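Subject: Structure handover

Hello,

Here is the structure I promised to pass on.

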Amino acid sequence: MAEADPLVIFTPSGKRGRVAPGTKVLDAARRLGVDLDSVCGRRGICSKCQVAPSIGAHPKHGITVTADALSPANEVEHRYDRVRGLKPGRRLGCQAEIRGDVVIDVPPESQVHRQVVRKRAEAHEIVLDPAVKLHYVEVAEPDLDAPSGDLERLLEALRAEMGLDALGMDFALLPGLQKVLRRGGWKVTAAVHTDGVPEVIALWPGYHEGVYGIAVDIGSTTIAGHLTDLVSGAVVASSGLMNPQIRYGEDVMSRVSHTMMNPGGAAELTDSLRVGLTALVADLVEEAGIERSAILDTVFVMNPVMHHLFLGLDPVELGQAPFALASGAAQRLHARELGLDIAPGTRAYVLPLIAGHVGADAAAVALSEQPHGSDDLVLVVDVGTNAEILLGDRSGVLACSSPTGPAFEGAQISAGQRAAPGAIERVKIDPVTGEPRFRVIGSELWSDDPGFAEAIAGTGLTGICGSGIIEVVAEMRMAGIVDAKGLIGTAEETGTPRCVAEGRTQSYVLWQGDDTTPRITVTNNDIRAIQMAKAALYAGARLLMDKRGVDAPDRVVLAGAFGAHISPRHAMVLGMIPDVPLDKVTSAGNAAGTGARIALLNKAARTEIERVVREIDKVETAVEPRFQEHFVAATALPNSADPFARLRAVVPLPEPSFGKAGDGARRRRRRP
Ligand code: FES
């Protein structure tokens, strides 16, 4: 370009260059690699190309932008402004011509690859580049002199618009194609899916806006879905339901057993899951008030057994070593092939499984938490009935799963229950008196606050949830009421009358109960169940640390709903997680759901996670000889082999010894 040509500077990208006078802003943007959207092919219909010229002096750029730096608004812009309204100062980039030096701001809504802000400060932003995008085109009418099919002319128009060569159309749309073209007066909006061979997957007459996707996390217990706007990246509706398969058993293995013992059992489970998902889609559509047919993409994450059942594959091999998957590869399908009646062209993407026991949900956690991109060594733990564990950094990632069982979810605990109003979720025990105080889900008050009884009148006091049981056991350990072996002392040994004999063991009375509330105790069996669960979790992590040749990672990320509620300090007192500084333990919330949403909003993330999963080093805990050894050491609170020196430096852990051995038992001394 000549020196005298106008200089154009785009913000916020800072991209700049000289263009010939009369160049359209959209063309200048494309030439300079600026991210400026266009859906309608410069017809002044979509307004996705909106920009804002910045008139005045720009000393930073060394130019002054005059009012005539862009051509005056033309008839197309006036018409758009009349019909749909253009914000003051905005221009359509496909219409405005550059005539002088100019600084042009591209607002976030006009950027093709805009970033979707994630809430957590440390979370990476998602670059919006979904697999499905809308394109408005004008199609040549049929011509006797140059005969060609309507489809061929539609694809030709789209090819010219998008620069796509190998474009096709989903056959399911062909029967309706001719009507749509004629109804739209040869002007149509096409949804084009580009993850794989590009195809038109939906078609509307005229100009159409609104395209959505659903990210679904299929858990063994609950299914959660997020309906997401594929243009803005915003979640417009979220819904969850119990996995209907729960009537065949609480855990995945009981569902595998059901398929082994009942002919047709796998198909039955597949059907029940698909019925649940259909209900979920209906809920989301209703909540968002959109047409079901606007949902054109879906992404699914789940554990391997759910994966096989969802895809209609028999999970029987996953019930026994060597836990062979039918396939762990990512799947690109039509939603209709999965029994989901959404729109004829709606697609489904299922994230890859990591291994026979480490699912697509763990892959989604990796996509969200990016251990493979971490400079420091990070341990990511997704705690559920099966803990999925990732350890890694830029140099490589290891993964395993460990069968923690349902104790962390409140099952197998005498007063245990799911996290719901009425459940104890926070506990503190006075180390001197052994007296507890606690908080119940649904109330902000502690149990010794005035008004507590009234505050819980609505919810009741019904039991202890997973985070509550972890806190109470850890608090008992810190107060010297339970010893490192996990034994509860007698009232005499602990100095608190809350320790009472029940059969041959002791229990700790957390709440005496009254007319309206039950007595809530922590029994030695409860502690045993927590010890087993946390030992499985720690042993898995320890195994990965062995493989990596370290005693602890640099930081720990707790994923999953449970991870979001768990207190790092209490988890570490129990020795659930390795000994890192407490401020290096963070919660990632529902990282599997976030990963699913990332794969929905950014198609490159799909190829990224497929590559990462191929490169992950899978460790099978069931066949690792050292797992048992680590498990036994990890049954101690916090651990009988690993010193937990960092923890002990900040949290006093008394060392009483209770139990039948008697010799070592000594009475705890209380301060007067
Ligand atoms: S590209 Fe659609 S209005 Fe400019």
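The largest pocket has a volume of about 1,400 Å³. A pocket here is an open set of points on a 1 Å grid over the protein atoms alone, where a 1.4 Å probe fits, with protein on both sides within 12 Å along at least five of seven lines. Volume is the space filled by probe spheres set on the points, which are joined across faces, edges and corners.

This is a predicted model: local features need pLDDT of at least 70, side-chain atom pairs count only at pLDDT 80 or more, and totals for chains, interfaces and linings use all residues. Residues are numbered from 1 along each chain as its sequence is written, and side-chain values use heavy atoms, with hydrogens and water left out.

**Largest pocket**
Elements giving two or more residues include β14 (212-218), α5 (252-261) and α13 (560-565). Helices are DSSP runs (H or I, at least four residues), as are strands (E, at least two), numbered from the N terminus. The largest share, 4 residues, comes from α13. The lining divides into 22 nonpolar, 19 polar and 9 charged residues. Asp, Glu, Lys and Arg count as charged; Ala, Val, Leu, Ile, Met, Phe, Trp, Tyr, Cys and Pro as nonpolar; the others, Gly among them, as polar.

**Second largest pocket**
This one has a volume of about 810 Å³. It is lined by 43 residues, with Asp-37, Ser-38, Val-39, Val-112 and Lys-133 nearest its centre. β10 gives the most, 4 residues.

**Cores**
A nonpolar core is a set of buried (under 20% relative accessible area, 1.4 Å probe, protein chains only) Ala, Val, Leu, Ile, Met, Phe, Trp, Tyr and Cys residues joined through side-chain atoms within 4.5 Å. The largest has 92 residues; Ile-218, Leu-277, Phe-300, Phe-310 and Leu-351 touch the most other members. Helix α6 (residues 265-288) gives this core its largest share, 8 residues. Beyond four places in sequence, the contacts (heavy atoms within 4.5 Å) of Ile-218 include Leu-277, Phe-300 and Phe-310.

**Helix α5**
Val-252, Arg-255, Val-256, His-258 and Thr-259 are buried in α5. Seen down the axis, the buried residues of α5 fall within an arc of 155° (taken from the directions from the helix axis to the C-beta atoms), so they line one face of the helix. Their cover includes α6 and α7.

Best wishes

Conventions:
1 Å grid on protein atoms, 1.4 Å probe; cavity = no way out; pocket = protein on both sides within 12 Å on 5 of 7 lines; lining within 4 Å. Buried < 20%, exposed > 50% of the residue type's maximum accessible area, 1.4 Å probe, protein only.
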